[in-house]
Every structure is written in C-alpha cells, then in structure tokens.
Amino acid sequence: MKQKIYNQLLQDKLENKKRLAILLDPDKVVLENLDLLISKINHSPATHIFIGGSLVTTNILEELIVQIKQNCNLPLVLFPGNPSQISAKADAILFLSLISGRNPDYLIEHQVNAVPILKQTDLEVISTGYILIESGNETAVGRVSKTKPLDRNDIDYVIQTAQAGEMLGNKLIYLEAGSGAKQAVPLKMIKKVAQNIEIPLVVGGGIVNLQGIQKAYNAGADLVVIGTAFENDMNFFNQ
C-alpha cells in the first residue's frame, strides 16, 4: 500500500519542516468563485488541501476535487465526516477515529462501512486519532458526533488519549478545537502532547491569524489546519 503523503510527513517531522493545510468544506465553497479560491491557495504557504466537513449536504464534492486538481498541484486529502464523503479522485484520506468520544459510530462503525468503498479506490489511507478539545462553544463536530470534547485544562488526560491512539496504531494525532471555535487548542497542550508521542501532530480549529499558526508550530505542531479563517477571508495570508 502506498504511503507517499504520510512518508513525506514523517520525513518533514524528522527535519522539523512545518506543514500547513487549508480545509475546504464543500458546503461553503461557491463553484463560481473557485478560480479565485484556487489562485489564493496557490499563492499561500499551504502545503496540503484537506476537503470535507462534519455534515456535507451538497453533491459537488467530486466536481470540486476535479477542478482543484486541474489547477493546483498540492496533495488533496479527504477529511470526511462519514463514508458518503469519500471520493476516489482525491490523493489520500484521513481515516479518522474520534478517540476523544465514546460514540461507537465515530470510533469504528463509520470506518467499517467505509472499507468497501475504500477498497475500490487507490486512496492512500492515513489512520488518524482525532481528539476534540473543548473550545468555549459547541462545534459542528461535537454536535454531529454527539460527543463531548475533552477538558482543555486536563492536559494529562489528553496526553493519555493521544498515546492510546498511537499505541492502537494511528499514524497521526489530530488535536481539534472545532470549526469556528472561540478558543484554539492551548499551546501548553500542544507542547505536552508533541513531547509525548512519536508520530506527527496535527492541530486545527480556532486559529485566526498568522501569529496563531506560528505559535502552534513553535509549541510542537507538525501540521496546522486553517479552515474558517480562510473561508471568511481569502486574503488571510496577506496579513
């Protein structure tokens, strides 16, 4: 099984090269504005494009992927909320298990249902331990998954959860404050988790400016994800 994208992330971690993903929610992308959106991405420091959402209701996923790939060379990684958001036209998929919650649908059921679909594709499957962190407001992830985020002050428990994910064989740990979060993942938490796992650490949610990205890098994030801030302002990287 190919692991081109993941192996590059591992190499980047060894060399302390930081990576940035722009997360696109198909429900929030206007196809008529896609040329401008792709142009902004091409002129940004982004190294990856993530695509997906907690609850995608539109049917433009495949068209969106095709148009992006025609005009952008960045790796396109699916970030699905459920198996309906899988497309063979992408490059890879974050095979997410919501290890911060105890809803079996998001721990294993959706993954089981996704297998027959994934077996028909050539997608690179990247097993990801997904940890939702309390951020000051209910996020779409928490609402849709019917799970509570972990206490942002209980760093030891978050570390244990990340380590459990690593021991279970996850290839990435993803600390998520949630789309539109009022507060980003605490920097102290990022630092402590990064110090206690060997696999790459992804951090997203609640980061509203370039300084926030740099602070997450400095704390130990290997890859930072920007979604809402870029959706709201395509000139985000011109700050």
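User: Which are the buried residues of helix 8?

Analyst: In this predicted model, the buried residues of helix 8 are Gly212, Ile213, Ala216, Tyr217 and Ala219.

User: What covers the buried residues of helix 8?

Analyst: The cover includes strand 1 (19-24), helix 7 and strand 8 (223-226).

User: How do helix 7 and helix 8 cross, and how close do their axes come?

Analyst: The axes of helix 7 (residues 187-196) and helix 8 (residues 210-219) come within 8 Å. They cross at roughly 35 degrees. The crossing is right-handed.

User: Which residues of helix 7 and helix 8 meet?

Analyst: Helix 7 brings Leu187, Ile190, Lys191 and Ala194. Helix 8 brings Lys215, Ala216 and Ala219. By class, this contact has 5 nonpolar, no polar and 2 charged residues. Lys counts as charged, and the contact includes Lys191 and Lys215.

User: Why is leucine 201 called buried?

Analyst: Its relative accessible area is 1%. The cut-off for buried is under 20%. Leucine 201 is therefore buried.

User: Where is leucine 201 found, and what does it touch?

Analyst: Leucine 201 is found in strand 7 (residues 201-204). Leaving out residues up to four places away in sequence, leucine 201 touches Ile173, Leu175, Ile190, Val193, Ala194, Gly220, Ala221, Asp222 and Leu223. Glycine 220 is 19 residues away in sequence from leucine 201. Their C-alpha atoms are 7.6 Å apart in space.

User: Why is helix 2 called oblique to helix 3?

Analyst: Helix 2 (residues 34-42) and helix 3 (residues 61-71) pack at an angle of about 50 degrees, with axes 10 Å apart. That angle makes helix 2 oblique to helix 3. Roughly parallel needs an angle under 35 degrees, and roughly perpendicular runs from 65 to 115.

User: Is the crossing of helix 2 and helix 3 left-handed or right-handed?

Analyst: Helix 2 passes helix 3 in a right-handed crossing.

User: What makes up the contact of helix 2 with helix 3 by class?

Analyst: Leu34, Ile38 and Asn42 in helix 2 meet Leu64, Gln67, Ile68 and Asn71 in helix 3. By class, that is 4 nonpolar, 3 polar and no charged residues. Leu and Ile count as nonpolar.

Methods
Residues numbered from 1 in each chain as written. Predicted model: local features only at pLDDT ≥ 70, side-chain atom pairs only at ≥ 80, totals over all residues. Heavy atoms only, no water. Axes fitted to C-alpha atoms, helices over the stretch in contact; angles between N-to-C directions. Helix = DSSP H or I, 4+ residues; strand = E, 2+ residues; numbered from the N terminus. Left-handed = near helix turned anticlockwise from the far one by under 90°. Contact = heavy atoms within 4.5 Å. Buried < 20%, exposed > 50% of the residue type's maximum accessible area, 1.4 Å probe, protein only. Parallel < 35°, antiparallel > 145°, perpendicular 65-115°, else oblique.
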